[in-house]
Amino acid sequence: MKRFIIKEFLHIFRDVRSMLILFGMPLVQVLLFGFAITNEIRDARVAVVDAVPDVVTKDLRNKLFASGYFTGGDILAGQHEIDERFRQGDVKMVVVFEPEFAQKLERGENPVVQLIADASDPNAAKLLVNYATGIINGYNRSLGTYPPQAVIAEPRMMYNPSLKGVYMFVPGIITILLMLVSAMMTSISIAREKEAGTMEVLLVSPLKPISIILGKVTPYVVLSFINAVSILLMSYYVFGVPVKGSLLLLLAESILFILLALSLGIFISTVANNQQTAMMLSMFALMLPTILLSGFIFPIENMPAVLQWISLLMPPRWFIFIIKSIMLKGAGLTYFWKETLILTAMTGVFILASIRKFKIRLD
Amino acid sequence: MPEVSITGEGVGKSYGTTTALKSLDFTVNKGEVFGFIGPDGAGKTTLFRILTTLLLPGSGKVRVEGYDVVKDYRILRRILGYMPGRFSLYHDLSVEENLRFFAGIFGVDVRENYHLVKDIYGQIEPFAKRKAGKLSGGMKQKLALSCALIHEPVVLVLDEPTTGVDAVSRREFWEMLMRLKTGGITIVVSTPYMDEAMRCDRVALMQQGNIMTTGTPQSITAAFPHKIYRIKGSAALNILSLTRKMKHIRSAELFGDAVHISTENTDQAPTAAEISQYLSAQGLGRHIISEAVAGIEDCFIDLMKQPDRHV
């Protein structure tokens, strides 16, 4: 056993590709998702139709463009230009003030600010309109003179008040990486033994299946754990993502998820006879569902019922829920013991299945 | 009666519709070097995988050291030393790391058991830090053998250990096996090289999943029923085609740069002088013809040609 584990570590440390996946990938992914791939919008180009500028419209425009969300501020000659500018593609939203804005306001009438957004990217359009509405509502309240509305919605974004995308991505990245490193790497490394013929020699030795599996898995438990910790550290220090709940609990749940992913990897390798198959299976059976069906990118609530059912079977779904609860909400085990139990059961099933399916012979 | 190490009774194996082994019977005695000789596809590897508990026999029974390969596989996996056809080493591990690993999985200590492999491992020890993948074929073979021996196996199973290895290393390898044999270990070896058969105590000639004959190499060659002539000349292919046209010639085969022809056992069969005359008459230049003693390869080809072997 000891020799086996040492051997596995040597395999990993001597293989440039393994090392890159293990240690390069987390770095790149976190930085990529944190900096480059983001669903926040900053500096969107916005144009303005303001036929008769006055104090109020100027004031509103200043407020809009000082927010940091919008840039540009080109004044269009009239509504007829809007279509043209959208087609050119540089302007994402146009703010239209009706004429005699200030006068109407003084007379107690309700002047209208029209927000026209390019909804060919619906999410971006919605976000822009929301930002702008928020700023205009704020201006309303600051006026005071403006007759109060009967019902005022007062939104408050809990757990992520500034709606930072990185809060959302860090749990997802940890999940994806643990899945990738643990499942794919173990399944490939077992398949490699089969491909190289060394499995034959391992089988004609007193090693029990459980020893072979444990020997394979142990190094990856350690390395994946180091990985998870480094992602957490990086997201804390670079992006300021907090860990509100118990760090210990978070790490313990991570280990549980690592074990689950590893047992999945072993299970895959009992089916795959070469590295290529192992890789394809891990990719399609694990990676894609992890990304698509776990709620990491696409909200589960919006999926068709069938996919929602399938997503129940996806281990990442439960793990992402747990990890978000701990990191962002500071929740404790009482809050997600059910999810933890589901993960534990899944791990048990896969470990048992892989030990049973592990072939003690070649055919 | 010598003590028996391995017995096979009616051992068969098929993969789907292809039959790899038909129904083999054989015994290997304790302490002998037993060779399974045959070309690729004869079923040697399948048979060896059954011997080493890696495959279940489709039919029949195999016992190794008294243990059944199906039921007692756990015990057998402790006492077998197995070297698969491809040298199954970890190419990214160094020579000594490989040896240490294989000692480790058998729960033995390299230092304690070093005497077992000293003779062989000593030759590659200067390269202990080199990666196994960077070794030459002969060195890989020595390392693989050391790894198979480090746990003091009772039976050593070597599947084509000399394939892909240069001539010098092949000879060295057989010398190593001869020395190992003096320690009393039973060695089962397979090879497609007929010349290596003579090194074995006993051999089984295999062809298309059958054992054609079993015995000491000497008894097999002595049983060869025909006269053999060896012809050496500058145009071996010409000799081949010319002699094949002669009457009462059973076979003419190319052996390296010479042609072996065997004649029928009749009075009309041509003598050496008559063959030589014929060849000269057909315009063939200088050649030497001599009567030869049948080798294993002659026997093999002869057995292969017997029609009842192609069932």
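Let me start with a counting rule: Lys and Arg are positive, Asp and Glu are negative, and His and the chain ends are left out. A charge is placed at NZ of Lys, CZ of Arg, CG of Asp or CD of Glu. On that basis, the 32 positive and 26 negative charges of chain A have mean positions 15 Å apart.

This is a predicted model, where local features need pLDDT of at least 70, side-chain atom pairs need 80 or more, and totals for chains, interfaces and linings use all residues. Residues are numbered from 1 along each chain, chains are lettered from A in the order written, and side-chain values use heavy atoms, without hydrogens or water.

Now the extent of chain A. Its C-alpha atoms fill a box of roughly 95 × 45 × 40 Å along the principal axes. Buried residues, meaning under 20% relative accessible area with a 1.4 Å probe and protein chains only, make up 46% of its 363 residues.

Next, the aromatic rings. Rings of Phe, Tyr and Trp (its six-membered ring) pair if their centres lie within 6.5 Å; planes under 30 degrees apart are stacked, over 60 edge-to-face, the rest tilted. All chains together give 16 pairs. Take Tyr90(B) and Phe101(B): centres 5.3 Å apart, planes at 85 degrees, so edge-to-face. Tyr90(B) sits in the loop between strand S6 (80–83) and helix H3 (95–105) of chain B, and Phe101(B) in H3, so the pair ties together parts 11 residues apart in sequence.

Tyr90(B) also pairs with Phe102(B), stacked, at 6.0 Å and 20 degrees.

Terms used
Buried < 20%, exposed > 50% of the residue type's maximum accessible area, 1.4 Å probe, protein only. Helix = DSSP H or I, 4+ residues; strand = E, 2+ residues; numbered from the N terminus.
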